[in-house]
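Subject: Structure handover

Hello,

Here is the structure we talked about. Please open it and keep it in view while you read the notes below.

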Amino acid sequence: RRDAMRATRDQPAVTPDGHRVGVFANVANARQAAEAVEAGAEGVGLMRTEFLFLERDTAPGEDEQYIVYRDTIAALAGRPLIIRTLDIGGDKQVSYLDLPKEENPFLGVRGARLLLARPELLHTQLRALYRAAAHGPLQIMFPMITDLAEVEMLRAECELVRKQLGAPAVPLGIMVEVPAVAVMADRFAKVVDFFSIGTNDLTQYVLAMDRQHPQLAAQADPLHPAVLALIGMTARAANAAGIHAGVCGGLAGDPLGARILTGLGVHELSMSAQDVAAVKTAIRAEPLSAMQALAERALAAGSAAEVRAL
Ligand code: PEP
Ligand code: MG
């Protein structure tokens, strides 16, 4: 029985009519990556590197970062790994970076905006990442992208570092978490290798509700039809361009959310390791056509509460 449970846990998530959905985990380090595999994840769809930079007095250097990335690749034994570059700003602050105080940090210099403003941070992280890429299937992802020009600058810096190191090419993707990128997903799909939709921030920016606001927690729901419409647009643009679109925000780990996302055309879901088993079960329970019908009804609903009631 134990073996049977283990086999089910490790099997891919396939709907009864044969549609496969990738189920990945969000992690912060190599230990969590090993736990994710143990929980049945097919790889890591989001490694948040912020944690490497928090609660310390100086930024981690190239070698220190390289070792963390290399060990995470090793823990995954050949499974795919998406590492996201530093996403500081907004809710996460770091004293040693001496960042100016902002009135609205969630609308300020965070994520890729900060990396482009602080080229030494970007350069060091990219060098560590490209060195680690020699050890396994690594993909690099940039957070808080808003404009095509940012992608162009980041790609150019990646290429520079790659050439300096004589490293292999690495797929380069972006988080879709600013509404502008979802609206223009057709254009972004032409210049990146993959999308990963961040429903936590996308929801906050679409609904104009602070993701940490205690009074708005119930309303700031990623199942809001306006958020789902943008996710659908993004998935359609990715599918038309032949690139992958995943979701790595909290909605991916919600069994109802996972079915709606699959119905909207998302092929990869990345979540906390503890949600992997329940999401696989949800995907296996229903044919794709039923999830597509559910997604249609969700898009036509008047509120997130109505979607939850479906
Ligand atoms: C998101 O915004 O949905 C996301 C996955 O990134 P984070 O929660 O780290 O901002
Ligand atoms: Mg985010």
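In which loop is Asp98 found? Asp98 is in the loop between strand E4 (81-84) and helix H5 (112-117). Helices (H or I, at least four residues) and strands (E, at least two) are DSSP runs, numbered from the N terminus.

First, the ground rules. This is a predicted model, where local features need pLDDT of at least 70, side-chain atom pairs count only at pLDDT 80 or more, and totals for chains, interfaces and linings use all residues. Residues are numbered from 1 along each chain as its sequence is written, while chains are lettered from A and ligands numbered from 1 in the order in which they are written.

Confidence: the protein chain has a mean pLDDT (the predictor's confidence in each residue, from 0 to 100) of 96, and 99% of its residues reach 70 or more. For the complex, the predictor gives an ipTM of 0.99 and a pTM of 0.97.

Phi of Asp98 is near 55°, a positive value in a residue other than glycine. Most residues other than glycine have a negative phi. Asp98 counts as exposed because it has 6 C-beta neighbours inside 10 Å. The cut-offs: buried is 20 or more other C-beta atoms within 10 Å of a residue's own, exposed is 12 or fewer, and partly exposed is in between, with C-beta atoms placed from the backbone. Ala208 also has a positive phi, near 55°. Ala208 lies in the loop between H10 and helix H11 (225-241). With 8 other C-beta atoms within 10 Å, Ala208 is exposed.

Next, ligand 1. Around it are Leu46, Arg48, Asp87, Glu177, Gly198, Thr199, Asn200, Asp201, Cys248 and Gly249; a residue counts if its C-beta atom, placed from the backbone, lies within 6 Å. Strand E3 (44-48) and helix H10 (199-207) each supply at least two residues of this shell. H10 gives the most, with 3 residues.

Now the strands. Two strands pair if DSSP finds at least two bridges between them. E6 (residues 172-176) and E7 (residues 194-197) pair in the parallel sense over 4 bridges. E7 and E8 (residues 244-247) pair in the parallel sense over 4 bridges. Phe195 in E7 stands opposite Ile174, and its bridge partner in E8 is Ala245.

Last, helix H13 (residues 276-284). Val276, Val279, Lys280, Ala282 and Ile283 are buried there. Seen down the axis of H13, its buried residues fall within an arc of 160° (taken from the directions from the helix axis to the C-beta atoms), so they line one face of the helix.

Best wishes
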